[in-house]
Amino acid sequence: MSNDKPFNHSTFHPFNFATVPLTPHSSPFTSRKAAFTLAEVLITLGIIGVVAAMTLPTLVGNYKNKELSTRAKKTYSLISQALQKYQSDNGTVGDITGLFDTSKSSADVTTAFSKYFKATRVCTSKTQKGCGKFYYEVTYASPLYDDEGSATASGMYTPKFLLPDGALIGINIKSSCIHPTTSTVYNPDGTPQKDADGNVITHTYNENSCGSIYFDTNGPAKPNQFGADVFELRVRNDSKLWGWGKTGWSSLNEILSGKDPVYSKYSKGDKFNF
């Protein structure tokens, strides 16, 4: 005998999906997730863009300064090692004036100094084949202006030699270690001082410099500016090195003490706003 009860159609109510409110987890067939609106996405992207615009120049500048500092330390270290090697070879500890002999030409001293490096090329003149590109203009660490208010520049015009990493080292020998020098008197802003009649003021003094070592840490590549990638070391008659802030001496000292290079960006010909 069967225990099955007869099916009662009057009590059966088919499930009506339409009467069940849909929530993110109520349907077995669909699932709705929260999402950003287009406006919210655009606002977020706008904020990211503003933050990037504010921070990117600083990040790029910090990276560039670190790269310039690393190159300057490397080239300066090579020069220091070469000077020590010269002293050791010649038995003149503490004296490098024999290398910077004022009776010799800059070309001769450059050639002799290059032997303490793994120089790949020695250029004693601009007209020498393949050397023209290594003679170029260099701006100062911060602007110097002529009497008309136009920013001026110097240059890597001395005999020089090239290193494997692209750095250039140049030598300029003076006629004597102590020599009279006449130079313009500048204001702190780089403009020349003038007298009551409008004439540029100069002063003459005895400079102690047997010669100068110029080095550009990345050769002809930019920025070609003292204090950034170009530096001058002046050799005194007591063999000590010194320099001028406008040609990178201050910047080099900052770099060697672990700080950033010191220079301001400008171009030759920029006008001073008097």
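The largest pocket of this predicted model is lined by 22 residues, and those nearest its centre are Ser183, Tyr205, Arg234, Trp244 and Thr247. A pocket here is an open set of points, on a 1 Å grid over the protein atoms alone, with protein on both sides within 12 Å along at least five of seven lines; lining residues have an atom within 4 Å of a point. The space in the largest pocket comes to about 430 Å³, where a volume is the space filled by probe spheres set on the points, and grid points are joined across faces, edges and corners.

Four strands each supply at least two residues of this lining: S6 (178-184), S7 (202-208), S8 (211-216) and S9 (230-235). Strand S6 gives the most, with four residues. Strands are DSSP runs of E with at least two residues, helices are runs of H or I with at least four, and both are numbered from the N terminus. Sorted by class, the lining of the largest pocket holds eight nonpolar, ten polar and four charged residues. In this sorting, Ala, Val, Leu, Ile, Met, Phe, Trp, Tyr, Cys and Pro are nonpolar, Asp, Glu, Lys and Arg are charged, and the others, Gly among them, are polar.

The second largest pocket contains about 250 Å³ of space. Its lining consists of 14 residues, and Thr139, Lys222, Pro223, Asn224 and Tyr266 lie nearest the centre. Helix H1 (38-90) and strand S2 (136-139) are the elements that give two or more residues to this lining. By class, the lining of the second largest pocket has five nonpolar, four polar and five charged residues.

Two of the residues nearest the centre of that pocket, Lys222 and Pro223, are joined by a cis peptide bond, with omega about 15 degrees. Pro223 is placed in the loop between S8 and S9, and Asn224 also lies in the loop between S8 and S9. Phi of Asn224 is near 50 degrees, a positive value in a residue other than glycine. Asn224 is buried, with a relative accessible area of 6%; buried means under 20% relative accessible area, calculated with a 1.4 Å probe and protein chains only.

A positive phi is also found at Ser239, which is not glycine either; the value there is near 75 degrees. Ser239 belongs to the loop between S9 and strand S10 (241-242). With 12% relative accessibility, Ser239 counts as buried.

The protein as a whole has three helices and ten strands, and along the sequence they follow the pattern α-α-β-β-β-β-β-β-β-β-β-β-α. Of the 274 residues, 33% are buried. Among contacts (heavy atoms within 4.5 Å) between residues at least 6 apart in sequence, 61% join residues at least 24 apart. The protein exposes about 16800 Å², of which carbon and sulfur atoms supply 56%; accessible areas come from the Shrake-Rupley method with a 1.4 Å probe.

Residues are numbered from 1 along each chain as its sequence is written, and side-chain values use heavy atoms, with hydrogens and water left out. In this predicted model, local features need pLDDT of at least 70 and side-chain atom pairs count only at pLDDT 80 or more, whereas totals for chains, interfaces and linings use all residues.

Methods
On a 1 Å grid over the protein atoms alone, a cavity is a set of points where a 1.4 Å probe fits but cannot get out, and a pocket is an open set with protein on both sides within 12 Å along at least five of seven lines; lining residues have an atom within 4 Å of a point. Buried means under 20% relative accessible area, exposed over 50%, partly exposed in between (1.4 Å probe, protein chains only).
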